Amino acid sequence: MYKVSLLLTTYNAAKYLPVTLESIKSQTYKPIEVVIVDGCSTDGTVDIIKQFEKDKDSDIELRWISEPDSGLYNAMNKACGICTGDIIAVCNDCLCEKNAVALFVKAIEDAGDECIGAHSDLVYKDGDRIIRTWHMGDGKIEQGWMPGHPALFLKRKVYDRYGNYDEAFHCAADYEFMVRFLTDEKNRLAYIPKVLVAMFYGGTSNAGLRNYLVSFKEGYKALRFNQVKHPLWITLKRTWRVLRQF
């Protein structure tokens, strides 16, 4: 049975962290490891983590630190270094169903040895209001397609082989990381046509026009860096796909 590591990076996240942790506590799948890397929060986030440590399901293993970092992707890389699971997912949002983790694992198992992970549909929410619906489907980078990173569960061997997040990217290190391993045509992802993750609206790459522009520029840079042909055209197609989701 696969051990699943759910990675959380927090900084003054007291508003949303309880929702995330509650969605993890409710999961039917075991074993789950929760790894939290906090950036010295001052709003009670650490108290919430400590309370979760006391109240968590006994089958959930918790590892956490609170210390300064140099940004989101530095924190994510720290979490990758701490985790011990066979399957890894960044889980800063909300798992929509109690069997969400179980469905991801089953999809990976059913797809065979060449499958490196699984992804699902997701929604972006502002409170109870859905801002954006992201129906992933299957596709190729050249079509402007890319799985949603918040709804992506990967085998550990992906990180072992391709490395962690490139901290030179400020908004799109997750995109560059996915481009890095998806340019290898041998790598296959299983797709679950179901909304299993609700993302809190306002993440690093979707918090305002300026960040959209930085994300566009860094997405283009990620494609060029990984020697993908026609990077500008692909970036434009990817942007059009995003705009259609609202």
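Student: Into which classes do the residues of the lining of the second largest pocket divide?

Tutor: The classes are nonpolar (Ala, Val, Leu, Ile, Met, Phe, Trp, Tyr, Cys and Pro), charged (Asp, Glu, Lys and Arg) and polar (the others, Gly among them). The structure is a predicted model, in which local features need pLDDT of at least 70 and side-chain atom pairs pLDDT 80 or more, while totals for chains, interfaces and linings use all residues. Numbering starts from 1 along each chain as its sequence is written, and side-chain values use heavy atoms, without hydrogens or water. The lining of the second largest pocket divides into five nonpolar, six polar and seven charged residues.

Student: How much space lies in the second largest pocket?

Tutor: A pocket is an open set of points on a 1 Å grid over the protein atoms alone where a 1.4 Å probe fits, with protein on both sides within 12 Å along at least five of seven lines; lining residues have an atom within 4 Å of a point. The lining here counts 18 residues, and Gly139, Lys140, Leu182, Glu185 and Asn187 lie nearest the centre. A volume is the space filled by probe spheres set on the points, which are joined across faces, edges and corners. For the second largest pocket that space is about 440 Å³.

Student: How many residues of helix α6 are buried?

Tutor: Buried means under 20% relative accessible area, exposed over 50%, and partly exposed in between, with a 1.4 Å probe and protein chains only. In the protein chain, buried residues make up 50% of the 246 residues. Helix α6 covers residues 173-182, and its buried residues include Tyr175, Glu176 and Arg180. The number buried in α6 is 10 of 10.

Student: Is Asn74 buried or exposed, and which residues does it touch?

Tutor: Asn74 belongs to helix α3, residues 72-82. Its relative accessibility is 16%, so it counts as buried. With residues up to four places away in sequence left out, Asn74 is in contact (heavy atoms within 4.5 Å) with Asp69 and Glu167.

Student: What separation do the C-alpha atoms of Arg224 and Glu176 have?

Tutor: Arg224 lies in helix α7, residues 209-225. Arg224 counts as exposed because its relative accessibility is 55%. Glu176 is 48 residues from Arg224 along the chain, and their C-alpha atoms are separated by 10.0 Å.

Student: Where is the cis peptide bond that has omega near 5°?

Tutor: Most peptide bonds are trans. Pro31 stands in the loop between α1 (17-25) and β2 (32-38). The cis bond runs from Lys30 to Pro31.

Student: What phi does His230 have?

Tutor: Most residues other than glycine have a negative phi. Cys40, in the loop between β2 and α2 (45-55), has a positive phi near 65°, and at 33% relative accessibility it counts as partly exposed. His230, in the loop between α7 and α8 (231-243), is exposed with a relative accessible area of 58%. The phi of His230 is also positive, at about 55°.

Key
Helix = DSSP H or I, 4+ residues; strand = E, 2+ residues; numbered from the N terminus.
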